[in-house]
Amino acid sequence: MISRNSKKDNTVQFDFRQFWIKLWRLLVPAHGKIIKFVIFVVVLEISRMAGPYILKYIIDLITNFQAEKIGQMIGLIALMFVANQAVSIMNFFSDRRIFDILITVESYLSDISFKKLVFLDLGYHERENSGNKVYKIQKGITKIDEMISSFSWEVIPTSIQVVVTTVVLFFINWRFGVTILVFVPIFLWLSLIVNSTNYLTRKKRHDLQEDAAGFMAQSIVNINTVQSFVQEKRERKNFRGMMDRVFEMILWEYGRYMKYNLWRNLVIDLGRASMLLFSIYLVWNNSITVGSMIFVFTISEKALISLYRISRIYDKIMEAGESVVRVDDLFQEKEDIFNNPKGIRPKEMEGAIEFKQVDFSYRSSDIKALENVSFKITSGSVTALVGPSGGGKTTVARMVYRHYDPQEGQVFLDGKDLREYDLFSFRKFFAIVPQEVEIFNTSVRDNISYAKPSASMKEIVAAARIANAEEFILKLREGYDTVVGERGVKLSGGQRQRIGIARAVLANPRVLIFDEATSNLDSYSEKLIQEALDKIEKGRTVIIIAHRLSTIKKADKIIVLENGRVVEEGSHIELSREEKGLYHKLLELQRMGDVE
Ligand code: ADP
């Protein structure tokens, strides 16, 4: 039911170098902004030192209190106020820069992902499960975004703060600098250990939580069965069992965190104590003033506390790791179908098609889907592709559309190789009515005018009439404005096909490809679709992947495909005379019914 083993553990071979390279590549439009941001943060972190530094002078004045220095002291307090305000304003700009980076990255990633997905050829989409892919990419973008926020708000400022603090401390006295250099790495090392070990458990816990969510969904989707067989208690028990394990893991994780925190606090406290000891020694020694001691303590304290903020960095990188790879893979994906940028952009088209010794096999398969296929379709004729399932009919139709290129041989359109055309220009002369017409979750009107959004209502109604679709559309509650598709009214197979025909009619193609439904339409729908086809066939090249005798009989030419080869070609009369032929056999088999 729910497979837990399917989730791969990617932590074993996490390649940090590749991760950074790929991430940097994904951040292309923000490169300049990121570099400017880092420089700005360096300035900001240096400026942050001003407040505590002025405080040092104030304290030094207090420790040697002299009444006549009051004015100077007030001046310093005012200066400190101004410095703090300046930092606050710089902070504001730094935050704005972060938002700017985040928005740039997020809009770029989602825009390019969408563009990539829409433009990638059909072959890619057939290989990949699209629903899954969209979900994973969206989740991936969110994860990358989260990581960048965490870097911009926590990791980068804290790291720079630690560096600036260390340098300043070295200037005051080398002992302070060395203390930071000793304790900070230990602290970071401890954080890394707890994070890397906890990461595995956390990942397992997330998988388990996903499983539990999946389990819950299964129970609810199949609620009829659950209740009919009185299994509610068992389902609940199983669910609780899974959730109990999740909670156990959470407790274990936090227990570990807390233990490590004891160690981390110990390190920080040792750091603090060393700082103080050195300070007292140096004050006693007259090497530094009390003011300097407080300055040292303030800035080192701030830096040490900030360190806690970056302790989840390992987590963030790991979580984003998978997403970075996934999104980068999509961005690097190359189209199988190369569009010639200087391709022919025809103004007119005859619609004559020729296949010349075409060989083709799908990437995922060793079998030839088409083998040495040659035929000619004259402009304005109706051609029926027939033959047993798996024969190659759909593949032929896809090649006419150039969803795939042949590995051997050529496909010609009006005497020119399809590859010589600009892909998008020649496809404008084509329309396809697939078996399962894809319906968008919008109104009937928008669905029909999909290929020609500028169509007037009059044109849409005319197309619907030709497609024999008007009759059912007017019966819908809101007629042409009724929302259909996923969240609207569900349409029957026959209705969908008629919408598909209306869509194709409006596109006014030179070449129409019609994939006849194999599933049983009621005879009334079938008749309406047949009539609609008769109306739109005139003056166009039509290719029908045909399953019904009535359609086939009317075709000018029949091409019989079996195992990827053209086994017969001719008119209905010619082919039915060939008693040993496949066509004849198919006719015999399903004399009165459909030809499969
Ligand atoms: P038909 O339309 O006549 O039923 P197809 O053109 O769909 O035949 O299929 C021809 C051959 O190509 C079959 O062997 C089929 O299994 C294979 N095939 C079709 N589509 C794909 C695909 N997307 N990936 C791999 N093999 C495919």
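Helices (H or I, at least four residues) and strands (E, at least two residues) are taken here as DSSP runs, numbered from the N terminus. The model is a predicted one, in which local features need pLDDT of at least 70 and side-chain atom pairs count only at pLDDT 80 or more, while totals for chains, interfaces and linings use all residues. Residues are numbered from 1 along each chain as its sequence is written, and side-chain values use heavy atoms, with hydrogens and water left out.

Asp-121 is found in the loop between α4 and α5 (122-127). With a relative accessibility of 9%, Asp-121 counts as buried, a term that stands for under 20% relative accessible area, whereas exposed stands for over 50% and partly exposed for values in between (1.4 Å probe, protein chains only). When residues up to four places away in sequence are not counted, Asp-121 touches Glu-335, Asp-336, Ile-337 and His-403, contact being defined as heavy atoms within 4.5 Å. Thr-104, placed in helix α4 (residues 70-119), is likewise buried, at a relative accessible area of 14%. With residues up to four places away in sequence again not counted, the residues touched by Thr-104 are Pro-29, Ala-30 and Lys-33.

Salt bridges were considered next. Side chains of opposite charge can pair when their charged atoms come close, and a salt bridge is assigned where a side-chain nitrogen of Lys or Arg lies within 4 Å of a carboxyl oxygen of Asp or Glu. By this criterion the structure holds 24 salt bridges. In one of them Arg-202 pairs with Glu-253, the closest N and O atoms being 3.6 Å apart. Because Arg-202 lies in helix α7 (residues 174-221) and Glu-253 in helix α9 (residues 232-284), this pair ties together parts that are 51 residues apart in sequence. From C-alpha to C-alpha, Ser-196 is 17 Å from Leu-307 in space, although the two are 111 residues apart in sequence.

Arg-272 is partly exposed, at a relative accessible area of 21%, and Asp-269 counts as partly exposed at 39% relative accessibility. A further salt bridge is formed by the side chains of Glu-371 and Arg-565 (3.2 Å, N to O). Here the link is between distant parts of the chain, with Glu-371 in strand β2 (residues 370-377) and Arg-565 in strand β10 (residues 565-570), 194 residues apart. Glu-371 is partly exposed at a relative accessible area of 25%, as is Arg-565 at 39%.

Two helix pairs were examined for packing, with axes taken as lines fitted to C-alpha atoms, for helices over the stretch in contact, and with angles running from 0 to 180 degrees between N-to-C directions. Helix α9 and helix α10 (residues 290-307) pack at an angle of about 170 degrees, with their axes 10 Å apart. The two helices are therefore roughly antiparallel to each other, where angles under 35 degrees count as roughly parallel, over 145 as roughly antiparallel, 65 to 115 as roughly perpendicular and the rest as oblique. Residues of α9 in this contact include Arg-272, Met-275 and Leu-276, and those of α10 include Met-293, Phe-297 and Glu-301. The residues of the contact of α9 with α10 divide into eleven nonpolar, two polar and two charged, with Ala, Val, Leu, Ile, Met, Phe, Trp, Tyr, Cys and Pro counted as nonpolar, Asp, Glu, Lys and Arg as charged, and the others, Gly among them, as polar.

In the second pair, helix α2 (residues 31-48) and helix α3 (residues 50-63) pack at an angle of about 20 degrees, with their axes 5 Å apart, which makes α2 roughly parallel to α3. The contact brings Ile-46, Ser-47 and Arg-48 in α2 against Ala-50, Gly-51 and Pro-52 in α3, and these residues divide into three nonpolar, two polar and one charged.

Finally, helix α12 (residues 393-400) has seven of its eight residues buried, so this helix is largely enclosed by the rest of the structure. Among the buried residues of α12 are Lys-393, Arg-398 and Met-399. Just after α12, Arg-402 takes a positive phi of about 60 degrees.
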